[in-house]
Amino acid sequence: MVPAEALSALSSLSIDEPELDALTLGRRIRELRTSRRMTLDALAAAIDRAPSQVSMMENGKREPRLSMLRTIALALGTTVEELMRTDAPSERAALEISVERAQRGPVFQALGLPRIRVSKGQSDETLQTILSLHNEIDRLNRERAATPEEARRANSALRQIMRQQDNYFPELEAQALELLTAVGHSGGPVSQQLVADMATHLGFSLHYVNDLPHSTRSVTDKLNGRIYLPTERSASRDSRSPIVQAFASHLCAHEEPKNYAEFLRQRVETNYLTAAILVPEQDAVRMLTEAKTLRRISMEDLRDAFAVSYETAAHRFTNLATARLDIPVHFMKVHESGTIIKAYENDNVRFPSDALGAVEGTTVCRSWTARTVFDVEDRFSAWYQYTDMPSGSFWCTSRIEKAKEGEYSVSVGVPFAHVKWFRGRETQNRAVSLCPDESCCRRAPDNLAGRWAGQSWPAARTPTSLLAALPTGTFPGVDQTEVYEFLEAHSPH
């Protein structure tokens, strides 16, 4: 299990530090007073305040000054530090605080519901029911309000964190090494049998079925320790990846995501750990270091050495390039329509972006390697290209891969100063990009615009993966009912 402190930068997207509030402080004062068999009147007299004022403080409706806190602490035989602890004094107090917070929040206000006085006479079950109803209404409201803008902001924030860490996370590298060592991996490609051994080591059995929910690549039954996989294997997809991704979430101790930022963080962790297992760091760095010395780094060689897809090899190189090889890099996955699906850079290449700073979903320049590769007839050879941009000259290598949504280009690029380490640097393919200047490729040529402006109405073919990424449920793009029905049908009990 990944330690709690691991990936703190990524986790900060969705986890907030607890803060002291008047409700928690008031409940702690009440708990300490009652535990000392002191009446409200007695405490009021001890601190020279009216009982009604003490009641207001205990109910979280008035926050005492620091000087008053010292007086209260002295009267209760405790310390100010004890009074100011951020955790609830008891489970019952935590429940009462949650209900009070809910009643003061926007859901109760929007519904115009009357306030309920939380008292000892109400059972835990009653308060829990109120809280559960509130949380479900709040979840539905947040889901309905979760706009593409929210998703894009979260994506932009996550990419910034990845850039700060050079897209390298040592905690996950250590996690991968520990698992590889546990199953006796001795170097080189990770076989299908070793992946199965990893699942067994972690307490999971593998089950191949022909009725896997269509919206999933795998389904994990955490209750019975089972991982369900499709009997039909895609010719374009590594059959090991769905297995590793399934137990990678278990290794990262993922819970159901509470918001879209947390969903994105979990996806990054899962994909990173999967690549770190299938392309082990020590072996990959050794190979890439030797290739750098010989000045022939190649994504194809990395792909072939570890029997992974080109995209996995490109991802893995991006993980290791800066942290382990001192090479700044950028990575792109672009749909044949020109839409950017994934992007990462720490080499100052200037990706297109929208007003929110989001890159994913925007259109890449027609002169970039990620677009020109679609016009290449030879799909079996690597495509290399230099592109002169306002931010400098960059060299890039790219390949086409197929998926159900169509074709994609997967590209890795570096600044001109670092092309000396790569195979393909001698290419004569060269292009010029002036983007984001509209004269580059954003605006149609005048002769075409004059003839067709106002006379066309295209219907866009949006990649489904873009829509599936939007926050439409706990696991975006997954039919939860279908998954539960599947698990029920296959449960051994």
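This is a predicted model: local features need pLDDT of at least 70, side-chain atom pairs count only at pLDDT 80 or more; totals for chains, interfaces and linings use all residues.
**Entry 1: helix H11**

I started with H11, which runs over residues 170-182. With 13 residues at 1.5 Å a residue, the helix should span 18 Å, and its end C-alpha atoms are 18 Å apart, so the two values agree. Next I looked up which residues of H11 are buried, and found Leu172, Glu173, Gln175, Ala176, Leu179 and Leu180. They cover an arc of only 160° around the axis, so they sit on the same side of H11. On the face turned away from that buried side I found the exposed residues Glu178 and Thr181.

What do the buried residues of H11 pack against? I noted helices H12, H13, H14, H15 and H17 as their partners. After H11 comes Gly184, and I wrote down its positive phi, near 80°.

**Entry 2: the cavities**

How many of the lining residues are charged? I found no charged residues there, but seven nonpolar and five polar ones.

The second largest cavity has a volume of about 40 Å³. Among the residues lining this cavity are Asp378, Arg379, Trp383 and Arg399. S7 gives the largest share of the lining, three residues. By class, I noted four nonpolar, two polar and three charged residues for the second largest cavity.

Notes: Residues are numbered from 1 along each chain as its sequence is written. Side-chain values use heavy atoms; hydrogens and water are left out. Helices (H or I, at least four residues) and strands (E, at least two) are DSSP runs, numbered from the N terminus. The expected span of a helix is 1.5 Å times one less than its number of residues. Buried means under 20% relative accessible area, exposed over 50%, partly exposed in between (1.4 Å probe, protein chains only). The arc is that of the directions from the helix axis to the C-beta atoms. Contact means heavy atoms within 4.5 Å. Ala, Val, Leu, Ile, Met, Phe, Trp, Tyr, Cys and Pro count as nonpolar, Asp, Glu, Lys and Arg as charged, and the others, Gly among them, as polar. On a 1 Å grid over the protein atoms alone, a cavity is a set of points where a 1.4 Å probe fits but cannot get out, and a pocket is an open set with protein on both sides within 12 Å along at least five of seven lines; lining residues have an atom within 4 Å of a point. Grid points are joined across faces, edges and corners, and a volume is the space filled by probe spheres set on the points.
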